[in-house]
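Subject: Structure for your files

Hello,

Here is the structure I said I would pass on.

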Amino acid sequence: MAEEKSQASSSKMLTLKASDGVLFEVELNIAKEMKTVQAYIDDCEDIETIPIPNVLGKHLAIVIEYIKKTNEEYDAEFEKQWNMDDLQLLLLAANYLNISGLQECLCKAIAKRIENKSPEYVRKVFNIENDHSPEEEAKLRKEYKWAFEGVDKD
Amino acid sequence: MESNEAKHLPMEKTTIGERDMISSLHESILGHILSFIPIINAVHTSVLSRRWIEVWTSITNLQFDDSLLYSEKEKMQKEQFVNFVEKVLLHFTNSNIKSFSLCLNSHKYDASQISEWICFILNREVQKLHIQYADKVLLSSKSLFSCNSLVELTLQMTCTLNLPISVCLRNLQKLSISGIKFASDSSTYSNDITLSFPILKDFEARGCEWSTMQNISLQVPLLERFSIAIWNRHSNESCKSAIKVYSRRLTDFSYEGDLEQDIVLCDSSLIRNASIVIVIDEDKKDRIEKLAFQAHNLLRQIDEVERLKLLFYKVLRHAKDFFINLPVFGRLTYLQLNEVNGEALLQLLHNCPILNTLVLLNGVAELHKDVFTSAMVPQCFLSSFKIFQFKGFNANEQDLCLVKFVLENAEILEKMTISPAFWLRYAYIDMEKVMEQILSLPKSSSSFCMTEFSDISSF
């Protein structure tokens, strides 16, 4: 097959620049799965390098790989490889880049890791600072006592 | 480029470290994550921080199951569970719920309580509704049939629905119902009751009672799979309404019942897979006379199938003439039978000119060996019959006769599998010798490659 650049959109290449400067050359049809990038292209047609200021090279690589390989099998194995930090950063990336399939996959993955866990555990895992005053929290727990009653702390 | 709600990350950080990144996402996404965890966990997130107080109310999917272990490794008490459901639903009075599932297997509830909940959900633009409850529910037909948002509906419960003359659920794609009794609103209408589901693909009704005076017309132009199981244990009505299925895309058809109610398929030309299970109520003597006729009517409608499972229970005992006027199944390649005698089997084989595979689940009853000595060789034996599975083999002279007949005449047979009837392990039969006998029988097929004896290791 000839290596010449043709005008067909399926073989046109685009460069994405991650927040840490890492460059990725991707085919146009892959880039178009990222609706944010698609909007960018629609605005400025002959752009060749698109900056992705919110996503690190490491995560952009994972996202691009996902778009290329996604299918039922891949998705099922996908989430097992990443730790909670990466899952969250990937979700932020998928959200920013507006990739609905990846977003859905990551939401499920994160949910899986926090189900049946106590609020204390969830706070730790997400680094959520408890800004409730003790009175406020007590009030909430009382309001929802039908959900808190008799529940194990794990 | 406008960035949305995600925060800017400094270039050096490769991990989240101390930052709470997740809370920066929009409530709808956080709610979506919570939609995948048990509701009780979702409610707990209200104490995470101020930002999270209301997040759980953005979930779009509610699942309640009273048999789950909610607290202290025990199921919730009935009152506790009811209170829990009520309190949760209170928070959704002004929002929509996309998917709602209610499984009640542990307790018996007040019928009107459950109805109240269902009514509430039907008013929330629900798309997927799943209700499973073994006891009685009072469900308003009006609220059910005016819920146009429904895409998937599963109802397994005991209730009576009064059908108006016309019903339409325009977004429904999948319907599965069980235990529902359909009656009609009025006895004065003489026209059909029309159930219109313009984009329905899957229809399944098990153990429902169709006690309307009028015939039921199912307008389902895109329906691909239709499955119905009708057991009319209680009714003695002689006049039964027919169920007419209007679809041009039906490919899979499944019927289980006693044939008391007619199923009319208005276009069955595309049906390729069918399963027919006929169970006879021996107490209804007057019905049995019409049995063969009604069974033929049903089979005639599916005579272009490629795969067919025919399961009869007591049919042969009462309708011996059943197999005399069978339709020809011109496209049938796979046939599975559970009850058949020698003559019936021959008749069927003659009516399936391109049969490739025959599976006998329980062998053959009342097989007279003379039937095969002078029998004409079926067409399929000469041109298409390749696989024969004989389950429930009795190791007697008659069964051996059938095996001999097949081996001698099936000219392109490739494989035969024989599974002995379970009771043989208690009989004093030398299975080794029987196997040897079978293996030494003459075969007319040059492409025959194996005889397999399965389930025989315990002998």
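Predicted model: local features only at pLDDT ≥ 70, side-chain atom pairs only at ≥ 80, totals over all residues.

Residues are numbered from 1 along each chain as its sequence is written, chains are lettered from A and ligands numbered from 1 in the order in which they are written, and side-chain values use heavy atoms, with hydrogens and water left out.

Between the chains

Helix α6 (residues 100–114) of chain A and helix α1 (residues 27–34) of chain B have axes that come within 8 Å and cross at roughly 55°. Helices are DSSP runs of H or I of at least four residues, strands are runs of E of at least two, and both are numbered from the N terminus. Axes are lines fitted to C-alpha atoms, for helices over the stretch in contact, with angles from 0 to 180 degrees between N-to-C directions. The angle makes α6(A) oblique to α1(B) (under 35 degrees counts as roughly parallel, over 145 as roughly antiparallel, 65 to 115 as roughly perpendicular, the rest as oblique). The crossing is right-handed (the near helix is turned clockwise from the far one by less than a right angle; anticlockwise is left-handed). On the α6(A) side the contact (heavy atoms within 4.5 Å) is made by Gln103(A), Glu104(A), Cys107(A), Ile110(A), Ala111(A) and Ile114(A), and on the α1(B) side by Ile29(B), His32(B), Ile33(B) and Leu34(B). By class there are seven nonpolar, two polar and one charged residues (nonpolar: Ala, Val, Leu, Ile, Met, Phe, Trp, Tyr, Cys and Pro; charged: Asp, Glu, Lys and Arg; polar: the others, Gly among them).

Within each chain

In chain A, α3 (residues 57–69) and α5 (residues 84–97) pack at about 70°, axes 10 Å apart, and are therefore roughly perpendicular. Their crossing is right-handed.

In chain B, α3 (residues 78–90) and α4 (residues 111–122) pack at about 20° with axes 12 Å apart, which makes them roughly parallel. Val82(B), Val85(B), Glu86(B) and Leu89(B) of α3(B) meet Gln113(B), Trp117(B), Phe120(B) and Ile121(B) of α4(B). Six of these residues are nonpolar, one is polar and one charged. This crossing is left-handed.

Cavities

There are four cavities of 30 Å³ or more (sets of points on a 1 Å grid over the protein atoms alone where a 1.4 Å probe fits but cannot get out; lining residues have an atom within 4 Å of a point). Of its 16 lining residues, Phe145(B), Leu175(B), Ile177(B), Phe182(B) and Phe197(B) lie nearest the centre. The lining comprises 16 nonpolar, no polar and no charged residues.

Regards

Terms used: 1 Å grid on protein atoms, 1.4 Å probe; cavity = no way out; pocket = protein on both sides within 12 Å on 5 of 7 lines; lining within 4 Å. Points joined across faces, edges and corners; volume = space filled by probe spheres on them.
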